[in-house]
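The exercises below are meant to be worked through with the sequence and the three-dimensional view side by side. Try each task before reading its solution.

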There are 2 protein chains.
Amino acid sequence: MTIGKAPQVFPRSEYLRRLAAVKAEMARREVEALVVNNASHITYLTGYTSLSAYVPQGLVVSVRDEEPTFFMRRMDAPAAHHQTFMGRDKIVGYPEDLIAHPEKDGYDKVIDFLVELGVDGRGIGLEAGNLPADTVAKFKARLPKARIVDFTRAIAWIRGVKSDLEIEIMREAAAISDAAILRAAEVIRPGVREADAAAEIVGTLMRGVNGKPGTALKSMYLCASPRIGTCHIPWTEDVFRDGSQINLELGGCRHGYVAPIMRTYSIGAPSDRLKRLHDAQVESLEAALKAVRPGATCSDVAVAFNRTLEKAGFKKESRCGYALGIDWSEPTASLKEGDMTELKPNMTFHLMLGNWVDEDFGYVISESIRVTGSGVETLTGAPRKLFVL
Amino acid sequence: MTIGKAPQVFPRSEYLRRLAAVKAEMARREVEALVVNNASHITYLTGYTSLSAYVPQGLVVSVRDEEPTFFMRRMDAPAAHHQTFMGRDKIVGYPEDLIAHPEKDGYDKVIDFLVELGVDGRGIGLEAGNLPADTVAKFKARLPKARIVDFTRAIAWIRGVKSDLEIEIMREAAAISDAAILRAAEVIRPGVREADAAAEIVGTLMRGVNGKPGTALKSMYLCASPRIGTCHIPWTEDVFRDGSQINLELGGCRHGYVAPIMRTYSIGAPSDRLKRLHDAQVESLEAALKAVRPGATCSDVAVAFNRTLEKAGFKKESRCGYALGIDWSEPTASLKEGDMTELKPNMTFHLMLGNWVDEDFGYVISESIRVTGSGVETLTGAPRKLFVL
């Protein structure tokens with residue numbers, strides 16, 4: 001018996017629109033087939049959110065075929081039939097004997113297919129930056145007449161401007177993020193273990209809001225005193241105490257799309273230093289939001305933030321954010337001084353204003369934002385305050 | 001102010017023992033410095049479990065230094081000071097301008113350090129299989145006199161035989177896994193959304209048992225009808241129904257170490273096909289366990305499982321398991337026919353007997369196991385039954 005299709009998150013026309021943009025880029029670079037192996041790019045082009053990237057996988061986009069062909073380990077093929085928009089013949093499970101095989105792997109099946117397609121003497125796109133060196137070498141060795149073209153970040157750039165359908169999904173993810181921020185304010189209390197509070201917050205991320213659950217767990221960082229100068233450490237078995245500060249970064253997820261948010265909590269009255277930094281950061285955040293509009297650059301947003309913060313006597317060393325979507329951080333535009341990427345409607349960013357000032361002191365605030373036709377929409381909407389518990 | 005050390009999971013002597021094994025392998029291959037970038041290997045050699053692998057990072061093990069030197073993005077350095085056993089001078093945060101820089105990245109700082117160490121004309125180990133092709137090319141271009149030696153899986157093989165200290169941590173992780181399996185049997189009910197049940201199960205994985213919480217979230221797969229022929233699909237927003245089958249794979253985690261387990265649940269009476277497969281799989285699992293002892297091979301275990309299952313009229317296409325530890329699946333020994341890796345005391349495996357028979361039918365059962373001095377210890381201990389709810 002075969003497995004049926006899941007309810008589709010996006011209509012077929014949306015995937016064909018995305019594929020058309022990829023094929024236009026392929027035509028521009030004279031590439032007839034593109035091997036996509038980045039999992040986020042595969043989600044973008046097919047709707048697939050299951051795990052199969054732990055072993056070789058490849059989505060082959062050919063200029064000759066409307067639908068791409070997806071190669072993966074055979075036992076993962078039913079999930080691809082279920083989740084993707086493509087027809088049954090476009091999902092190819094490669095045999096189990098290629099797992100932990102001393103000489104061959106799933107990429108050999110992808111290469112066989114490129115030969116069958118008759119493109120082995122043409123331009124072939126590879127996401128080489130995502131592939132181990134020996135895999136790139138294998139493609140070159142087995143396709144000696146092909147002109148290999150690097151497409152590592154090409155689809156990430158195409159993903160930069162979202163459709164209205166994608167924005168709607170990101171709003172759903174942001175609503176979950178907001179709920180988790182508020183849940184944190186309820187469960188962070190003196191004497192509670194960090195792990196127990198984290199479990200409650202993750203529970204909200206999974207149960208979701210408005211009848212729409214979280215569909216995957218993304219990273220969550222709960223950095224509590226004495227770890228508030230760290231940014232990516234896991235929760236611990238310590239308990240919160242009077243006077244503890246907690247820096248929280250989390251992101252609700254819907255169908256692959258994430259909408260992160262950061263907020264800072266204080267058990268008891270915050271220190272003067274923390275209050276002053278919070279006030280300065282919120283003022284600077286608002287200055288950054290005012291700088292967001294089509295035609296402005298990423299750099300403009302960072303300049304607005306940095307100059308405002310400096311006037312208040314503080315400084316943030318790291319960039320002010322990055323492109324956002326299926327990846328928490330898309331490897332394209334950065335909200336940093338000197339990044340001249342022009343803002344366009346429906347670009348989305350994590351305006352990430354975490355500021356790790358000293359080894360033992362940091363503060364976090366952020367919003368997921370969208371560039372609109374004339375300014376900015378803040379997707380996340382939790383109170384922009386220092387939560388005093 | 002500086003950040004202090006976290007309570008250390010392992011004593012310094014344990015890390016030095018692991019490093020000594022790595023340095024012995026380096027000496028054997030005439031390598032004077034090894035650049036470790038695999039996050040699990042860094043956890044193994046330092047105790048670090050924070051996230052910094054989203055940008056370039058490298059742990060340099062030099063034959064001349066007792067402690068390794070860890071390069072990472074500057075804002076992640078406090079977490080490394082806090083978690084690792086090394087001295088302050090062994091943690092080097094590289095500057096923020098290397099993030100999203102058009103030409104340089106953190107690996108340039110690692111290469112600078114290799115030059116300072118004076119090993120640029122010697123043997124240098126790289127985990128090339130974990131590195132993008134252009135990073136490997138950069139090492140070769142900037143270190144033209146070095147003899148680059150591939151160490152991709154060397155540390156993974158060294159990790160294969162655990163210390164008693166590691167086994168104790170894995171027992172803690174396994175106890176969490178067992179609790180989550182039992183929690184699933186309480187919360188999976190007709191009319192409950194998959195996402196809500198998943199949230200409860202993850203809550204147990206995070207809160208842990210015996211006062212020992214889970215320290216990170218590893219993957220969890222809850223594949224319910226009609227998705228029981230899939231193995232790595234996320235939970236959905238569907239509700240469970242009378243007659244639903246649920247295949248669950250999860251793993252408690254303690255300080256980086258994971259101990260996975262799989263069990264199958266049926267809401268209402270299971271079908272005859274499911275009952276027969278379950279009985280056959282449990283009998284075959286027990287046959288596999290009997291084959292585990294020092295001196296036997298991975299292949300012997302798979303043969304014991306496969307022949308028993310075949311006698312009952314079933315077949316499992318995929319391998320019967322894989323090495324286990326900090327990674328859910330260590331990329332070394334496989335429990336499959338033909339893998340002649342010899343079992344040694346304190347090797348650990350996920351005896352993974354998930355069997356995806358058809359696109360619309362599968363069954364899962366597994367145990368995390370340890371090879372003892374004379375046989376096998378089953379780390380996970382949840383009832384080895386088909387849970388009928």
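**Exercise 1.** What volume does the second largest pocket have?

*Solution.* This is a predicted model, in which local features need pLDDT of at least 70 and side-chain atom pairs count only at pLDDT 80 or more, whereas totals for chains, interfaces and linings use all residues. Residues are numbered from 1 along each chain as its sequence is written, chains are lettered from A and ligands numbered from 1 in the order in which they are written, and side-chain values use heavy atoms, with hydrogens and water left out.

The second largest pocket has a volume of about 480 Å³. Of the 25 residues that line this pocket, B:Ala6, B:Pro7, B:Val9, B:Gln83 and B:His255 are the closest to its centre. On a 1 Å grid over the protein atoms alone, a pocket is an open set of points with protein on both sides within 12 Å along at least five of seven lines, a cavity is a set of points where a 1.4 Å probe fits but cannot get out, and lining residues have an atom within 4 Å of a point. Grid points are joined across faces, edges and corners, and a volume is the space filled by probe spheres set on the points.

As a next step, take the elements: α1 (12–28), α2 (39–46) and α3 (77–83) of chain B each supply at least two lining residues. Helices (H or I, at least four residues) and strands (E, at least two) are DSSP runs, numbered from the N terminus.

Finally, the lining divides into 11 nonpolar, nine polar and five charged residues, where Ala, Val, Leu, Ile, Met, Phe, Trp, Tyr, Cys and Pro count as nonpolar, Asp, Glu, Lys and Arg as charged, and the others, Gly among them, as polar.

**Exercise 2.** At what angle do α1(B) and α2(B) pack?

*Solution.* The angle is about 125°, and the axes of α1(B) and α2(B) are 7 Å apart. Axes are lines fitted to C-alpha atoms, for helices over the stretch in contact, and angles run from 0 to 180 degrees between N-to-C directions. The two helices are therefore oblique to each other, given that angles under 35 degrees count as roughly parallel, over 145 as roughly antiparallel, 65 to 115 as roughly perpendicular and the rest as oblique.

Where they meet (contact means heavy atoms within 4.5 Å), α1(B) brings B:Tyr15, B:Arg17, B:Arg18, B:Leu19 and B:Val22, while α2(B) brings B:Thr43, B:Tyr44, B:Leu45 and B:Thr46. By class, this contact has five nonpolar, two polar and two charged residues.

**Exercise 3.** In which order do the six strands of the open sheet in chain B stand?

*Solution.* The order is β4-β3-β2-β1-β5-β6, with mixed pairing. β4 (91–94) and β6 (147–150) of chain B stand at the edges with a single partner strand each, so one side of each is left without a neighbour in the sheet. Two strands pair if DSSP finds at least two bridges between them.

Within this sheet, β1 (residues 33–36) and β5 (residues 123–126) of chain B pair in the parallel sense over three bridges, and B:Leu34 stands opposite B:Gly125 in β5(B). The helix α1(B) lies across β1 and β2 (58–62) of chain B, running at about 70° to β2(B).

**Exercise 4.** How many cavities of 30 Å³ or more does a search of the whole structure find?

*Solution.* The search finds one, and the largest cavity has a volume of about 40 Å³. Its lining includes A:Tyr221, A:Asn247, A:Glu249 and A:Trp356. The largest share of this lining, three residues, comes from β8(A).
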